[in-house]
Amino acid sequence: MAASTDENHSSSRAPLTRDRVLRGAVGVADADGLGALTIRSLATALGVKPMAIYHHVANKDEILDGIVDAVFAEMDLPAPDGPWRAEIRRRSVSARDVLRRHPWAVGLLETRTNPGPATLRSHEAVLATLRGGGFDVPLAARAFAILDSYVYGFVVQEAALPFDGPDSVAEVTAQIMEAFAAGEYPHMVEMATEHVMQPGYAFGNDFEFGLDLILDGLERALHGA
């Protein structure tokens with residue numbers, strides 16, 4: 001007897017569930033960007049009819065809430081009973097790695113008004129780690145905002161650079177510099193030739209350098225220096 005629903009019409013396909021819907025939505029966004037994520041495109045990716053999606057999520061807003069939570073679920077949680085600096089550093093590095101895998105998520109993470117359990121666990125763990133490290137409430141709030149701003153901003157800038165991998169950095173930079181008149185923008189030329197165009201350069205290599213500067217500043221603020 002033929003299966004009565006789209007989600008069961010193939011014995012080789014996993015049953016459609018809310019988790020599978022959300023994983024499919026993340027896959028569509030990863031492949032084609034958030035703008036490509038529609039109920040129809042998601043249904044196509046899952047091999048079902050659009051109406052089957054609504055058996056598991058009420059609307060696209062619920063999908064967006066769910067995929068934000070899925071992204072937060074991939075980030076390492078800091079341990080509130082550990083040394084605050086090491087734990088916050090580990091969490092920040094993990095958050096950057098996750099957002100590099102899902103660059104579409106950066107503009108979405110702080111826009112949702114129905115945070116899921118993974119989102120709340122992540123925020124709570126960061127604040128608990130800062131408070132456990134001796135931060136008072138105002139300084140913990142500032143640290144929380146500054147760290148997220150740095151991580152999110154770095155990922156946005158990294159994704160927007162016109163380089164297609166490290167091997168293209170020198171070529172792209174040289175093309176830009178060809179438009180400079182002789183002697184024009186000497187400090188930009190200096191930075192490009194002595195830093196950016198050197199073997200092994202990658203913009204992302206400076207992420208942890210900047211993160212440590214922020215952590216140094218927070219440590220000074222914590223101790224009233």
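1. Keep in mind that this is a predicted model. There are six aromatic pairs in the structure. One of them joins Y150 and F207: the ring centres sit 5.3 Å apart and the planes meet at 20°, under the 30 degrees cut-off, so the pair counts as stacked.

2. What does the Y150 and F207 pair tie together? Y150 belongs to helix α7 (residues 137–160) and F207 to helix α10 (residues 207–222), so the contact links parts that are 57 residues apart in sequence.

3. Are these two residues buried or exposed? Y150 has a relative accessible area of 18%, and since buried means under 20%, Y150 is buried. F207 is buried as well, at 1% relative accessibility.

4. F180 and Y185 make an edge-to-face pair, with 5.0 Å from centre to centre and 65° between the planes. Y185 has a relative accessible area of 42%, so this residue falls in the partly exposed class.

5. Going back to Y150 and F207, both belong to one aromatic cluster, together with F154 and F203.

6. Now for the cavity. Searching the whole structure turns up one cavity of 30 Å³ or more, and the largest cavity has a volume of about 40 Å³. Its lining consists of I88, R91, S92, V126, F144, L147 and D148. Helices α5 (84–101) and α7 are the elements that give two or more residues to that lining.

7. What is the make-up of the lining of the largest cavity? Its residues split into four nonpolar, one polar and two charged.

Definitions and conventions
Residues are numbered from 1 along each chain as its sequence is written. This is a predicted model: local features need pLDDT of at least 70, side-chain atom pairs count only at pLDDT 80 or more; totals for chains, interfaces and linings use all residues. Side-chain values use heavy atoms; hydrogens and water are left out. Rings of Phe, Tyr and Trp (its six-membered ring) pair if their centres lie within 6.5 Å; planes under 30 degrees apart count as stacked, over 60 as edge-to-face and the rest as tilted. Helices (H or I, at least four residues) and strands (E, at least two) are DSSP runs, numbered from the N terminus. Buried means under 20% relative accessible area, exposed over 50%, partly exposed in between (1.4 Å probe, protein chains only). On a 1 Å grid over the protein atoms alone, a cavity is a set of points where a 1.4 Å probe fits but cannot get out, and a pocket is an open set with protein on both sides within 12 Å along at least five of seven lines; lining residues have an atom within 4 Å of a point. Grid points are joined across faces, edges and corners, and a volume is the space filled by probe spheres set on the points. Ala, Val, Leu, Ile, Met, Phe, Trp, Tyr, Cys and Pro count as nonpolar, Asp, Glu, Lys and Arg as charged, and the others, Gly among them, as polar.
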